[in-house]
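Subject: Structure for you to look at

Hello,

Here is the structure I said I would pass on. Please open it alongside this email, and my notes follow below it.

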Amino acid sequence: MIDPSHIKSQKLVKCLLQTRDNRTSIRFIELENYKLWSYMITHKHGFKITETYLGLWMNEEEFDSRRELMAHYGKVTRLNRIVITVYDDINGFSLAMNRYVLDHETAMMKKVLSSHVREELKASNSFEMRIVRGYGIISRKKLDKAVLGLSSDQIY
């Protein structure tokens, strides 16, 4: 298994969300997970996706080695990857998940994510959370359509 904290870059979709009571928030979703995530966030949780943008997350080292080139592609912002690894004691394997958050929201999001982990997993060292510092390069152009996968599925 590839250690997810060593991944140098990840394609993202930046989403502006609106709740039923008109609160807004931003999410950064891995491109390959966007279609399922958007279905769940709109149908199960009742959010409205108001805007989408293509983006790329890069760890600090990769970004620093290509800083001048990356600045041409879009707005650059501090964006961290939270890598959560949980050992599934029932099935005997580990599961790694990623969450991308703005730098100033990282500490708060760590607390929120930790609150969803069973205490016995924390106590038995079956849970780990790491922060991978990085940058998001977000397109200045709103995402209107994008082909996802080999079929004709598109984001509209």
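The cover over the buried residues of helix α1 includes strands β1, β2 (24–30) and β3 (48–59). Buried means under 20% relative accessible area, exposed over 50%, and partly exposed in between (1.4 Å probe, protein chains only). Helices (H or I, at least four residues) and strands (E, at least two) are DSSP runs, numbered from the N terminus.

A note on the source: this is a predicted model, in which local features need pLDDT of at least 70 and side-chain atom pairs count only at pLDDT 80 or more, while totals for chains, interfaces and linings use all residues. Residues are numbered from 1 along each chain as its sequence is written, and side-chain values use heavy atoms, with hydrogens and water left out.

The helix

Which residues of α1 are buried? In this helix, residues 34–43, they are Tyr 34, Trp 37, Ser 38 and Ile 41. Seen down the axis of α1, the buried residues fall within an arc of 100°, so they line one face of the helix. The arc is that of the directions from the helix axis to the C-beta atoms. An α-helix has 3.6 residues a turn, so residues three or four places apart point the same way. Leu 36 and His 43 are exposed, on the face of α1 turned away from the buried side.

The strands

Two strands pair if DSSP finds at least two bridges between them. β1 pairs with β3 in the antiparallel sense over 10 bridges, and Cys 15 has Thr 52 in β3 as its bridge partner. β1 and β2 also run antiparallel, joined by 7 bridges, with Leu 16 opposite Ile 26 in β2. These two strands form a hairpin with 5 residues between them, and Asn 22 in the turn has a positive phi of about 65°.

Two residues

Gln 10 lies in β1 (residues 9–18). Gln 10 counts as buried because its relative accessibility is 11%. Its contacts (heavy atoms within 4.5 Å), leaving aside neighbours within four places in sequence, include Leu 31, Trp 57 and Tyr 100. The side chains of Gln 10 and Glu 32 are joined by a polar contact of 3.2 Å. A polar contact is a pair of N or O atoms within 3.5 Å; within protein, one must be able to donate a hydrogen and the other to accept it, and residues adjacent in sequence count only if both atoms are side-chain atoms.

Ser 124 sits in the loop between α5 (119–123) and β6 (127–132), and is partly exposed at 43% relative accessible area. A polar contact of 2.9 Å links its side chain to that of Ser 126.

Regards
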